[in-house]
Amino acid sequence: MTVHDAAEPGFPRTIGREIADPASIGVLSEEVARRGVRRHLQEVWEDHPGLHGFFTTVDHKRLGMRYLYTAFAFFFLAGAQALIMRTQLAQPDAGVVGPQLYNELFTMHGTTMIFLFNTPVLAGFANYLLPLQLGTRDLAFPRLNAFSYWVFLFAGSLMYLSYFAGRPPDGGWFAYVPLTLKPFSPTSAIDFWGLGVMFVGISTTVGAINFVVTIFKYRAPGMTLNRMPLFCWSVLTMAFMILFSVPAVTVASGLVEFDRIFGTAFFDPGRGGSALLYQHLFWFWGHPEVYILFLPAVGMMLTTIPVFSRQRLAGYTFAVAALVAIGFISFGVWAHHMFATGMPSLAMGVFSAASQVIAIPSGVLYFCWIATLLQGKVRWTTPMLFSTGFLIIFLIGGLTGVMVSVMPFDLQVTDSYFVVAHFHYVLNGAVVFPIFAAIYYWGPKMTGRMLSERLGRISFWTMFVGFNVSFFPMHLLGLFGMPRRVFTYDRGWGWGTLNLVATVGGFVFGLGTLLTLVNFLWSKRRGTTAGANPWHADTLEWATTSPPPEYDFAEIPVVAGRHPLWEEGSFPVAAPDPSGAVAGLDVAAAEDREMPVVDGIESLPEDTMRIPEPTWVPLIAAGGLLVFFLGMLVRASLVGVAGVALAAVGVAVWTWRARDDER
Amino acid sequence: MRTRFAAVVLGTLVLAGCASRSSPNSLDPAGSQARSISGLWWVLLWTATGVFVVVLTLILWGAFGRRRGNPGGLGDHRFITVGGIAVPFVILAIVGVLTVTVARDISARPEDPFRVEVIGHRWWWEVRYHDTGFVSANELRVPTGRPVSVTVRSVDVIHSLWIPQVAGKLDAIPGQPNHLTFELDRPGRITGLCAEYCGIQHTNMAIAVVGMEPDDFSKWMAEHSARTSPVSPTSAAEARGEATFMQEACSGCHSIAGTMATGTVGPALTDLAARPLLGAGAIPNTPENLRRWIADTQGVKPGSLMPTLDLPPDEVDDLVAYLTGLR
Amino acid sequence: MSTVVATGVPPSPPAARARSRPAAWWGMVMLIVTESMIFAALISSDVFIRASSAHWPPSGTPEPELGTIGVFSVVLLGSSVPVWWSERAIRRGRMAQVRSALGAAFLMGAGFLAYTIWELSHSEGGWTDSAYFSVFHTIVGLHAIHVALGLAMSVGVQAKAWSGRIDAERHMTLRMFAMYWHFVDAIWVVVFTTLYLSVVWW
């Protein structure tokens with residue numbers, strides 16, 4: 001198929017219909033609008049007004065944006081925690097915070113960033129973008145989606161309730177036993193962590209189920225897997241990884257809570273238990289988790305770099321294979337977090353080798369990007385700046401990753417500031433920079449307004465410089481012997497200068513992130529109107545208005561290639577077919593609140609699904625779970641039972657109403 | 001970006017030399033294992049730098065160059081396969097061989113090592129010498145030029161013994177003794193730290209590792225056996241201090257070889273005066289600091305399991321006089 | 001207005017094509033995948049603790065008895081038969097058979113659950129006594145919770161069967177319940193083998 005530069009005039013036209021405004025493809029043709037359908041569609045799809053609508057919505061776009069707002073609130077909380085730590089470390093014996101407070105800070109910083117920011121923010125983007133990129137109207141299970149958000153909010157709130165109780169967790173974000181068991185952590189602080197982790201895992205898991213089924217069954221007709229946008233591929237891989245890994249951390253934190261609440265003996269060597277068991281369980285999830293974060297970020301970069309190179313991605317199949325390979329291999333490397341525990345050397349060798357092998361698919365991805373850049377011509381927009389920043393930062397992070405995979409070397413640098421530098425390069429640089437690119441890239445689609453390019457550029461450079469100034473010196477500190485999780489260090493060891501530099505860089509980086517926050521808030525009101533496709537991009541979300549109407553697409557697009565908006569010739573949109581052969585693709589289906597269901601392989605429509613009405617049920621079910629976990633926290637079994645009952649009522653009503661339409 | 005990187009590398013070399021002698025700098029090795037790993041680091045650094053420069057050049061060339069067709073005449077597939085699979089595979093294979101070689105180097109079992117046991121507590125290190133049964137704390141003395149075999153254990157939570165100048169770290173896990181081998185090349189003091197977060201005072205859990213020439217070491221070891229008779233007080237203050245020590249809570253937690261103080265909850269104090277630091281690295285060992293430690297333990301090391309004793313100041317002075325005589 | 005459907009996608013009348021598996025079916029499959037991994041993590045924990053122990057069960061702890069639990073295992077696994085039967089029956093519209101099959105499966109499952117609860121409360125050791133008992137009680141208890149959830153689902157499906165909300169054409173909840181129930185039985189095979197058979201016979 002020939003690729004066509006969408007910047008040229010002659011935007012694709014619908015088959016058999018003239019459309020006055022080419023940018024409104026997939027929304028409403030004039031003729032349809034003339035029939036007054038637009039108002040009817042509005043009524044059918046809009047939520048209840050005000051708070052009622054807020055609590056009952058099942059719209060993936062509203063929920064997706066809610067995920068983003070909530071996750072970013074946690075981001076700035078965790079960022080503040082980081083800056084307090086950096087202030088304490090700027091000089092030896094700074095006396096800014098004492099050891100107890102410092103330990104709480106690093107515990108909550110890590111826990112918040114992983115569980116309450118990085119994971120949910122990517123889920124939020126997936127929530128928002130999946131139906132739009134796939135050319136449909138919502139996720140497979142809209143009420144489950146709402147439930148997933150409420151669980152995330154409640155779980156995060158439960159964790160932060162610990163501050164109000166004066167008991168923030170202080171066991172580190174991975175909460176090793178025996179330190180986190182009762183004898184050594186007698187207060188309820190760790191319970192906020194353990195129960196919070198179990199709780200938030202429910203959100204992640206049901207979200208993953210939603211993403212998998214949506215991708216399997218709700219793509220636009222003609223969108224075979226081979227034509228699916230790469231971001232969707234990354235979400236698919238991520239979702240499968242979640243399903244296979246999250247249970248391990250649920251069990252790990254669950255067994256810690258059992259030992260703490262009920263006095264079981266899982267991790268007590270005196271009664272036959274094993275402290276190392278916890279580490280295996282935790283890292284079996286922990287390592288795939290970082291790739292769960294990395295892959296959707298990569299998916300975003302596989303989207304933006306081609307668009308801003310005005311060139312389709314080179315090596316689509318290579319990229320898909322690389323995503324899937326990373327997904328698989330990531331399950332075989334977890335014990336590289338445990339090289340210092342005294343494992344048998346054969347096992348360490350295997351994990352070392354596997355950890356090195358995973359660099360190869362990352363290399364493939366790099367050469368896909370490089371080939372794309374070489375073939376294209378770059379437009380230096382803010383999203384492209386962040387994308388290029390990602391390429392440089394992840395290059396460094398990936399290389400230090402290969403270094404720490406070398407077991408003997410890791411024995412020196414694990415649990416030191418070297419590995420702190422490494423994982424911030426990959427988790428902050430290679431995940432946060434793409435997320436910021438995504439804000440600038442998809443923000444206009446979500447709000448209908450462009451963000452300020454000027455402020456965007458300043459924000460990028462501030463973040464990029466601040467990031468490197470802060471985290472690069474940490475490699476050196478680790479080599480010089482500075483361990484992790486220390487609240488101060490000896491004056492005579494010469495670490496003061498590097499720490500001071502790192503602190504300054506950290507504040508600069510934080511300032512950069514605030515600039516984007518300001519940019520986003522300001523441009524929501526004052527930014528220039530974005531229009532449907534301000535970036536001349538190729539995927540389907542740009543074929544509808546910015547922001548999209550509640551129903552996403554009035555008429556479902558039909559797809560014949562990987563780059564629907566870059567195809568030559570007409571842009572196909574299914575028109576009403578009186579024979580009824582292709583149900584669910586036309587405006588009438590939209591008026592019935594329906595979207596088409598396709599078969600998974602050939603993506604041919606075979607049925608329609610009716611999207612549920614807004615409802616309180618997901619909120620009630622999530623609320624019931626919150627009550628349950630609170631009951632466990634305070635050891636009040638009646639409260640726990642009440643919570644389970646409430647959740648059960650919610651679920652019962654939910655399933656009772658579930659349509660039994662299918663065979 | 002490139003100039004900055006080169007400057008940083010040079011800075012590394014400079015700083016590596018500049019870091020203080022007793023700082024736990026893994027790039028200033030004092031033993032064969034750390035030397036192997038340090039050598040490995042330099043190889044990895046230069047390899048990574050090379051890859052970084054090449055890939056960055058390609059990225060920048062692509063980002064800033066004019067639009068072009070297939071790069072260098074290669075098709076997409078060849079470019080991606082060579083650059084993304086073949087070349088990384090070769091580099092990683094070399095890294096893999098290095099991994100195995102150095103791993104084997106550092107895990108060789110020595111013959112007739114000097115045996116010692118280091119046991120992690122919250123937040124101090126217990127040191128037990130196998131040959132004589134001598135028990136000390138927060139200081140490990142070893143003969144130079146001879147392999148040392150350390151059994152690393154813990155009585156409570158997971159700690160990690162890390163002496164960067166001689167070897168990589170090894171976790172101290174309750175219920176699972178681990179074994180660390182190293183050799184110290186030269187006499188003098190180097191620093192070890194706890195490298196696994198173990199609670200409120202994880203930061204203050206240093207261990208001084210002191211290398212002594214074999215003859216000096218044998219003499220020292222002979223003077224410090226489990227059955228050494230106690231140091232006799234040489235002044236009235238010291239005698240009062242000794243009496244206070246035995247009568248107050250002190251002897252319930254601490255031990256001093258040859259006396260009736262046999263407590264095991266806290267560090268052994270037999271050679272307290274010879275140690276460079278107090279409180280496992282919290283403060284330097286001076287009489288003033290010792291007074292502060294006894295009078296206001298929680299102020300010096302908050303969260304420490306030693307309570308602040310409410311002793312009248314003259315008793316504290318006596319204790320200090322007694323304890324500063326313990327070598 | 002043109003009625004041509006888009007390029008490249010031949011319209012196919014739904015009746016002529018076999019339907020692929022519906023979304024809800026896939027949803028249940030994914031749920032089973034993730035629930036299986038919970039059991040996998042717990043079983044692995046049992047194996048890990050066992051591998052680090054000199055004796056298993058630890059000295060002083062008697063081996064589990066196979067008699068009664070064996071019988072009830074047969075009862076539980078057997079309950080998959082009426083569940084399978086009810087799926088067959090509903091496709092033919094035989095609602096009476098559906099109701100009795102579901103009822104029978106419910107009784108068999110409830111019997112197993114009752115025995116499990118009795119066995120856990122009369123166990124040789126409490127779950128705080130040792131890691132062996134912690135693991136045993138947790139895995140068997142978690143499985144029992146899954147059986148209980150299945151029974152609750154069964155009540156819901158039976159309610160739908162009795163009130164006519166499911167029929168030969170529309171019975172997704174029955175399909176999902178059946179899949180879940182077979183999963184619960186399959187997990188019991190693994191649990192029983194690991195916690196009972198392999199301890200006594202190995």
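**View 1. A salt bridge between Arg291(B) and Glu288(B) in a predicted model**. The closest N and O atoms of this pair are 2.8 Å apart; a salt bridge is a side-chain nitrogen of Lys or Arg within 4 Å of a carboxyl oxygen of Asp or Glu. Helices (H or I, at least four residues) and strands (E, at least two) are DSSP runs, numbered from the N terminus. Arg291(B) is partly exposed, with a relative accessible area of 27%, and Glu288(B) is also partly exposed, at 48%. Buried means under 20% relative accessible area, exposed over 50%, and partly exposed in between (1.4 Å probe, protein chains only).

**View 2. A salt bridge between Arg122(B) and Asp156(B)**. The N to O distance is 3.6 Å. Arg122(B) lies in the loop between β1 (114-121) and β2 (124-129) of chain B and Asp156(B) in the loop between β5 (147-154) and β6 (159-162), so the pair ties together parts 34 residues apart in sequence. Arg122(B) counts as buried at 16% relative accessibility, as does Asp156(B) at 10%.

**View 3. A salt bridge between Glu606(A) and Lys217(A)**. These side chains meet at 3.4 Å, N to O. Glu606(A) belongs to strand β2 (residues 605-610) and Lys217(A) to helix α7 (residues 189-217) of chain A, 389 residues apart. Both residues are buried.

**Notes.** Residues are numbered from 1 along each chain as its sequence is written, and chains are lettered from A in the order in which they are written. In this predicted model, local features need pLDDT of at least 70 and side-chain atom pairs count only at pLDDT 80 or more, while side-chain values use heavy atoms, leaving out hydrogens and water.
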